[in-house]
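User: I would like to learn how to read a few features of a protein model. Can we go through them one at a time?

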Amino acid sequence: MTAETNTGTIEATGSRHSDGAAGAAPDGTTAVYLVKGMTCGHCEGAVSEEISAIAGVSSVQALAATGQVTVVSAAPLDEAAVRAAVDEAGYEFAGLA
């Protein structure tokens with residue numbers, strides 16, 4: 001259940017790594033957001049895919065069980081962009097964890 005994209009992969013866990021490596025780049029920023037409505041791996045993948053499309057994002061890991069979405073990016077992300085991505089995926093953005 002791995003889908004290829006032109007910038008990386010989305011794994012069955014809902015994780016996306018643009019370079020295939022786990023963890024943040026030394027100069028990266030990590031933020032954890034809360035997303036309501038995720039119930040399964042498909043939900044995780046949908047949220048991860050939309051957030052991954054934001055410029056500067058290097059990895060996304062969404063966990064339906066907790067509603068937490070961990071995003072690693074080159075610089076802090078605009079919260080409105082994250083909210084729009086989550087809305088586009090069909091879920092409710094609840095802010096920073």
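User: What else is buried in helix 1?

Analyst: Among the buried residues of helix 1 are E44, G45, A46, V47, S48, I51 and S52. The length of this helix can also be checked: at 1.5 Å a residue, the 12 residues 41-52 should span 16 Å. The end C-alpha atoms are 16 Å apart, which agrees.

User: How is a pair of aromatic rings described?

Analyst: Such a pair is described by the distance of the centres and the angle of the planes. Here the count comes to one aromatic pair. Y33 and F93 form this pair, with 5.7 Å centre to centre and 45 degrees between the planes, and it is tilted.

User: Which parts of the chain does the pair of Y33 and F93 tie together?

Analyst: Y33 lies in strand 4 (residues 29-36) and F93 in strand 7 (residues 92-96), so the pair ties together parts that are 60 residues apart in sequence. Y33 is buried at 4% relative accessibility, and F93 is buried at 5%.

User: Which residues touch the most other members of the largest nonpolar core?

Analyst: In soluble globular proteins, nonpolar side chains tend to be buried together. The largest nonpolar core here has 22 residues, and those touching the most other members are M38, V47, I51, V69, V71, V82 and Y91. Strand 4, helix 1, strand 5 (57-63), strand 6 (68-73) and helix 2 (79-89) each give two or more residues to this core. Leaving aside residues up to four places away in sequence, V71 touches Y33, I51, V57 and L77, among others.

User: Where does pLDDT stay under 50?

Analyst: Where pLDDT is low, the predicted coordinates should not be read in detail. That applies to residues 1-24, where pLDDT stays under 50. For the chain, the mean pLDDT is 82, and 72% of the residues reach 70 or more.

Conventions:
Residues are numbered from 1 along each chain as its sequence is written. This is a predicted model: local features need pLDDT of at least 70, side-chain atom pairs count only at pLDDT 80 or more; totals for chains, interfaces and linings use all residues. Side-chain values use heavy atoms; hydrogens and water are left out. Rings of Phe, Tyr and Trp (its six-membered ring) pair if their centres lie within 6.5 Å; planes under 30 degrees apart count as stacked, over 60 as edge-to-face and the rest as tilted. Helices (H or I, at least four residues) and strands (E, at least two) are DSSP runs, numbered from the N terminus. Buried means under 20% relative accessible area, exposed over 50%, partly exposed in between (1.4 Å probe, protein chains only). The expected span of a helix is 1.5 Å times one less than its number of residues. pLDDT is the predictor's confidence in each residue, from 0 to 100. Contact means heavy atoms within 4.5 Å. A nonpolar core is a set of buried Ala, Val, Leu, Ile, Met, Phe, Trp, Tyr and Cys residues joined through side-chain atoms within 4.5 Å.
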